[in-house]
Structures are given as structure tokens and as C-alpha cells.
Amino acid sequence: MTEALSKPSTGTFPTERSKDCPFDPAVGYQEFREKEPIARVSCPAGIDAWLVTRYDDVRVVLNSPGLSSAVPVMGHANPQADFTTPMNPGSIIQTDGEAHARLRRLLTAEFTVKRIQALRPYIQKLIDDHIDAMLASTEPVDLVRDFALPIPSLVICELLGVPYEQRDRFQQQSGILTSVDVDPDVAIQANAEIQGFVSQLVVDKMRNPTDDLISRLIKRAQDAGQPLTVAELVVLALSLLVAGHETTANMITLSTLTLLRNPDQLEELRANPDLVPAAVEEMLRYLSVVQFGLFRAITEDIPLGDETLRAGEWLVTSLASGNRDTAAFPNADQLDVHRKASAHLAFGYGAHQCLGQQLARVELQQVFSTLFTRIPTLRLDVPFEELRFKDNTLVYGVRSLPVAW
Amino acid sequence: MRVSIDEDGCVGAGQCVLAAPDVFDQRDEDGIVVLLDEAPAPHLHDATREAAVLCPALVIHLAE
């Protein structure tokens, strides 16, 4: 791509958070929103990009024609990003237009409000079982390892139709993949095992369809006269695994920590469980775990505000910044479980808005109607200052969360 | 208030069903929006407006 068709970069893409408030986005966004809401910045990947930081602009630009998602996922933030390898067929988050619409329409039936509501009792049982196991073990426990990671992983197993006897192994290996402190060789091995595992699962479902997402997806594509290849099915299944696992897990632990640090808000939530759905939207807004925003290639000129974003340039929309824009959310830096926050940008916006958002909502709603009720004395078991946050990963979170009760 | 939808642009996010379940539903077979009530009663207007704002693909159009 050609660089510097527009003005040269005048700033740097913000990546450093304040040590005092690890829940706030990286330092610098407020200044961008106030002074240069559509800015040219240099990014960690060594490229210059437009950075859009205001809520309204983020919404407008993510719905503009002339954007392509066929780019390395959040590649701007990755110093090792590979801009040359072609995208995998079946990678729904990296396709555009008709190809994207085809894949998305094959999957949307699986994530409707109605279908996800039907999973609520299963999700509740998983949560109860994991709380039982925590309470039966010795304090402290790591809420990341023993609660936040296994629950979304097992929900995905249920969706994909992973046989029960294989779920422990599957969960263990995907836990390694999403872990930050892991030996690279172990990670490569886990990655290979998951790939092999998902390929085998797809082949099994082709031979012996059962009542699950992959089997229905195979049939739906065949019925539509556009059968999916094994390679496409494997990439789709892996994308669901990756997209639905770590994002939800990090939201569970960060939200728990946020509530522990805001005892007045936690008290209100406990006193009035009807507030849980609104509180979940507020925590999605406040925490915005997709911390580096969304990366796009510009394929046609886009007029935005006083600027014209030119074809051939790169674009980053900051979801975290838009969610802290006081023009959209008064006192945006305050957590307020009474806020009507559902128009937040945490799930993105436009045609690629999170496919699994209803599932994430139900998982978070059940967790926060249960966790502090079943364990009312839940507390952090180490000083807050000792917690280590995931400043470098695409999805923000806390590495471990030792808790006691 | 009259509601119209652009089915082709719908991305099946389900935001409208959460916001205004009396006005919008989703097809079981592909999650695409179904308009249940094209002239919602006044007590549903706020929820319908919210659904239009939340729609990530901007396919809900209101004439008031």
C-alpha cells in the first residue's frame, strides 16, 4: 500500500495505560478526541494510519463503504504483523462484501436472541458447578484459571458439539493457547493439537451429523447450493473458538475486579439483581477489552469530518476511546451500573459487529447474577498493586486473579 | 410511527430483538430481522427508536 497520500503522522498510536488506573484506556485518547479526533498516527507495526477516536465518527466510519477487513487482525498494533500472507478462506472477520455476507448468514441462525436464550440453563449449570468446585477447594483460587477461562470454553464445546469425553482435553489445550506465560514450543504443540482436533471434529460431523452448530452449518450450506469446504469449516470453527473464549473470559475477570474495586456499585447490583443486564452493558463499555481497536484498509475515499481518508491508506477506530467519549456517555470515565450503555462500541459496529454478542451477554449476565450471590464475601487475595495486566495482548485482561472468601 | 426495514442489509446481530421484542424478531433459519409490527403503538415508540439506533447495519428506518 502507498503511504502518506494524506498528511504525515503527527502522533503515535497510544498503547501505554496509566499505572494508577488500569481500567482506563491507554493515555492520550482524551487529547486526540478533544484536539485531533481524526488524526494521522504512526503505529507499532511500522505503518501510518488514520486514528478515529470520537464515538460518532467511529460509528459513521465503520458503516462506510470503502473499508476492507481483509487485513491482519489488529495488525496495526503488532510489530510482527505480516501484511503479505493472503487471508484464510472461511475467516469471517477478514472477508468483505458478498463473501462476508455469505459466511455470516450461514452462522447468524446459531446466534439469534432466541437460540442463545435457550442456552441459559446450560450456562447457569456450568457456572454453578464451577462455583461448587471453587468452594470445595483450598483458598486462594485463581479466578482466571478455575472460572473465567473454562466456562466460555465449555460453552463453545457445547455449541460446536464436541463429544463430552473430549471436552477436558479440548479445554486444557485451548487454555494453553490463550495463556500469556507459556513456553513457545508448548504453544505451538497446543495449536497443532487444536487444529487437528477441530479438523477431525469437522470430518466426523460430515459423516455423522448430530444436533450441533457444525452439523447444521454443513447442511445449511449444502441446502443453499454452496457447500463449505473442510478448510473453510475448520477456519470458521477455530474463529468461533478464538473469538468466544478469551474475550468473554477476560470480561468475566476484569468485571469481577472492577466490581470489587467499586464496592458501592457492587452493593447496588447485589441489592437489585434486575440491574444486572444494564450493568453488563456498562462493564462492556467501561472496559472495552478489544484494547487496540479495529484495523481496516481503505479501498475508496471516505469523507469524514474535515478530512478525506484516501484509498490505499490504513484506518484504526478506537472502540475504547469512543466508549469514553463524554459526548455520547456523560461522565464517561465513571462506572455507573444505572447507565443506559447499550449503544456502546465494545462489540464493534457495522456489518462485522460481533456475531457472538448475544452469547457473551448471556454468559456475563448469568455470571454476575450468581458469583457475588453464591460467594458474598469474595475478595481479592493479593494487593491490587501486585496484579499484572495484559498490556500487550489484543484482548485486555488480568493475567491471574487470586481470590478468597 | 411507521417502521420499515432493509432485509438485505441486515447482519443478524439481534440488537433490535433485545431492544424491542414486540416489534422485531429474527427468522429461525438465518437470523435475519422480521418486522412484527410496522405501526407500533405509542408505548413502543421509545424501544423502537432505540432499536433503530442500536442496529449496527442501519437497516431500520422510522417515519414519524
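**A predicted model: helices, pockets and cysteines**

Good morning. I begin with helix H2 of chain A, where A:Tyr55, A:Asp57, A:Val58, A:Arg59, A:Val61 and A:Leu62 are buried. Buried here means under 20% relative accessible area, exposed means over 50%, and partly exposed lies in between, with a 1.4 Å probe and protein chains only. Helices (H or I, at least four residues) and strands (E, at least two) are DSSP runs, numbered from the N terminus. The helix covers residues 55-62, and six of its eight residues are buried, so H2 is largely enclosed by the rest of the structure.

A word on the source. This is a predicted model, in which local features need pLDDT of at least 70 and side-chain atom pairs count only at pLDDT 80 or more, while totals for chains, interfaces and linings use all residues. Residues are numbered from 1 along each chain as its sequence is written, chains are lettered from A and ligands numbered from 1 in the order in which they are written, and side-chain values use heavy atoms, with hydrogens and water left out.

Let me turn to chain A as a whole. Chain A has 15 helices and eleven strands. The radius of gyration of chain A, taken over C-alpha atoms, is 21 Å, close to the 22 Å that the globule rule gives for 405 residues, so chain A is as compact as a globular protein of that length. That rule is 2.2 Å times the number of residues to the power 0.38. Along the principal axes, the C-alpha atoms of chain A fill a box of roughly 60 × 55 × 40 Å. Of the 405 residues in chain A, 56% are buried. Contact means heavy atoms within 4.5 Å. Among the contacts in chain A with a separation of 6 or more, 72% are between residues 24 or more positions apart.

Two residues illustrate such contacts. A:Thr317 lies in strand E9 of chain A, residues 314-317, and is buried, with a relative accessible area of 1%. What does A:Thr317 contact, leaving aside its neighbours within four places in sequence? The partners are A:Val52, A:Val58, A:Val61, A:Leu62, A:Gly293 and A:Leu294. Of these, A:Val58, A:Val61 and A:Leu62 are among the buried residues of H2 with which I began. By C-alpha positions, A:Thr317 and A:Ser215 are 102 residues apart in sequence and 36 Å apart in space.

The second residue, A:Leu107, is found in helix H3 of chain A and counts as buried at 1% relative accessibility. Beyond its neighbours within four places in sequence, A:Leu107 is in contact with A:Ile92, A:Leu213, A:Leu217, A:Leu236, A:Leu240 and A:Leu355. A:Leu107 and A:Gln358 are 251 residues apart in sequence, yet 13 Å apart in space, C-alpha to C-alpha.

On a 1 Å grid over the protein atoms alone, a cavity is a set of points where a 1.4 Å probe fits but cannot get out; a pocket is an open set with protein on both sides within 12 Å along at least five of seven lines; and lining residues have an atom within 4 Å of a point. Grid points are joined across faces, edges and corners, and a volume is the space filled by probe spheres set on the points.

The second largest pocket holds about 560 Å³ of space. It is lined by 26 residues, of which A:Asp96, A:Gly97, A:His100, A:Ala351 and A:His352 are the closest to its centre. Strand E4 (67-68) and helix H3 (97-107) of chain A are the elements that give two or more residues to this lining. Which element of chain A gives the most? That is H3, with six residues.

The largest cavity holds about 110 Å³, and of its 14 lining residues the closest to its centre are B:Cys10, B:Ala13, B:Gly14, B:Cys16 and B:Cys55.

A:Cys157 is in no disulfide, and the nearest cysteine sulfur, that of A:Cys354, is 18 Å away. A:Cys157 counts as buried, at 0% relative accessibility. Thank you.

Key:
A disulfide is a pair of cysteine sulfur atoms within 2.5 Å.
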